[in-house]
Amino acid sequence: MTAMERWTIGFEPQAPFLVSRRLSLGNLRETEQRIPGRTLRGALAGLLQAADAALAEDLYAGRLVIGDARPTPEGWPTLPIPASLRSCKRFPGLAIGQEKHGFIDLLLTLLRRQRDPKVSIPSHCPICEKGPDHALTPLKPLRGVGFQRVQGSGRPLYREVKMEISDRTHSAMDHLLGTVAPGFLYDEEFILPTGGWSAVLTLPAGRGAQVKAALTGRTVRIGASRTRGLGQWKIATVEPERQPWGLPPLAERLQRFQEVAGPPAGELLLPMLCVTPVVLPDALGRFTIEPDPFTMANALDPAGTCLTAERLAPVLTMADLERVGGWNSLPQLPAPSDLAFMPGSVLVWKARTADLGAVAKVLSEVERKGLGYRRAEGLGIVVFAHPIHCEVREHVQ
Ligand SMILES: [Zn+2]
């Protein structure tokens, strides 16, 4: 098996763009707040077909894989907001400031409660409670585009990533009459082209320079309404990623999580954050919210070096679900539709082993290659033991 490398591809949107949500209601065409890897894959396929046929072949064969693109203000990587984060229902937001009451990560508290039912789970915003009215405002899951972990010289800072969305009203035409179809106005959302976006490219080791030469400076067209001039993106940079998602090495992250979560001796807790949708069926091919140990062991450690089915057990699942599908333009047919864990879903497994080094090695490989089905379309990208769970657990930032 060839070794794989992670590179990042930076885009500069030149025009407004949108990727339609699969479930838009009524007369509103909503946009996704990320560009799915499978959309980018289609755009890159067209480009590579003309620029470098060998690379196009790599893309079709799944040797060249692109993940979801997200806005990356100031160049920091952006990840989806973990399902374990809670924020004030009235003044939601990551930072504390004007009309924002910060956030808290419940993951460690929830894990502790499993061992000790007396542990209480915070349910109200501490800032509202301390205010003059002592208001009891519920905490609710924080939704949004994503977050950045900014590591300067001191304590890491967490920032929420926003994007500017606008919309336009169109009228549907009756092509037979050549006039507006009765009552058929619809709104189309689009994202304004401000700032850079980026996605992770996984490619065979040593092929980076070739990919860079084929793509840098080129223009791709992505998403819907391209005939109206929307969706024009310039490929600004293609460069190797220094450290996956700008995070400390996985062994360090896992070690820190064990120290804070305190699993019993001889066990390790393994939290996983879904970065793109993850399709992980059970041994019979059915979707399950809690994959069985056999499926999980097979997905994480196919060689069976340390994470075997006997040693793995699910501990906690905080997942949202979505359908992944798409359009397959070659046979002109819809792509298969699968149920997937939504980006931001958090799953925790425990492993009955004390060999953190061996586990970190196996899971680093999963971080590089992804897990589950449809990885060629950029699905199955995950991060283990993200420091956010340790860095913002007890307090609102
Ligand atoms: Zn509040």
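Tutor: Start with the nonpolar core. This is a predicted model, and its largest nonpolar core has 58 residues. Those with the most contacts inside this core are Leu-270, Leu-273, Val-278, Leu-300, Val-359, Val-382 and Phe-384.

Student: Which strand gives the largest share of this core?

Tutor: Strand S17, residues 268-274, with 6 residues. The core also draws at least three residues from each of domain 2 (85-161) and domain 3 (247-391).

Student: Why look for such a core?

Tutor: In soluble globular proteins, nonpolar side chains tend to be buried together. Take Leu-270 here: leaving aside neighbours within four places in sequence, Leu-270 is in contact with Val-348, Trp-349, Lys-350, Ala-351 and Phe-384. A second, separate core of 31 residues includes Leu-40, Leu-55, Leu-64 and Ile-66.

Student: How many helices and strands does the chain have?

Tutor: The chain has 9 helices and 24 strands. Its radius of gyration is 22 Å, close to the 21 Å that the globule rule gives for 397 residues, so the chain is as compact as a globular protein of that length. Buried residues make up 37% of the 397 residues.

Student: What share of the contacts with a separation of 6 or more joins residues 24 or more positions apart?

Tutor: Such pairs account for 71% of those contacts.

Student: How is the chain divided into domains?

Tutor: The assignment gives domain 1 (4-78 + 189-244), domain 2 (85-161) and domain 3 (247-391). The centres of domain 2 and domain 3, taken over C-alpha atoms, are 24 Å apart. Their contact takes 9 residues from domain 2 and 12 residues from domain 3. On the domain 2 side, helix H3 (residues 107-115) gives the most, with 5 residues. By class, that side has 6 nonpolar, 1 polar and 2 charged residues.

Student: What should I look for in the backbone angles?

Tutor: Most residues other than glycine have a negative phi. Glu-74 has a positive value, near 60 degrees, and sits in the loop between strand S4 (70-71) and strand S5 (85-88). Ser-225 also has a positive phi, of about 55 degrees; its place is in the loop between strand S15 (219-221) and strand S16 (232-240).

Student: Why does Glu-74 count as exposed, and why does Ser-225 count as partly exposed?

Tutor: Count the C-beta neighbours inside 10 Å. Glu-74 has 9 of them, so Glu-74 counts as exposed, the limit being 12 or fewer. Ser-225 has 18, so Ser-225 counts as partly exposed, because a buried residue needs 20 or more.

Note on methods
Residues are numbered from 1 along each chain as its sequence is written. This is a predicted model: local features need pLDDT of at least 70, side-chain atom pairs count only at pLDDT 80 or more; totals for chains, interfaces and linings use all residues. A nonpolar core is a set of buried Ala, Val, Leu, Ile, Met, Phe, Trp, Tyr and Cys residues joined through C-beta atoms within 7 Å. Helices (H or I, at least four residues) and strands (E, at least two) are DSSP runs, numbered from the N terminus. Domain bounds come from an automatic or database domain assignment. Two residues are in contact if their C-beta atoms, placed from the backbone, lie within 7 Å. The radius of gyration is taken over C-alpha atoms; the globule rule is 2.2 Å times the number of residues to the power 0.38. Ala, Val, Leu, Ile, Met, Phe, Trp, Tyr, Cys and Pro count as nonpolar, Asp, Glu, Lys and Arg as charged, and the others, Gly among them, as polar.
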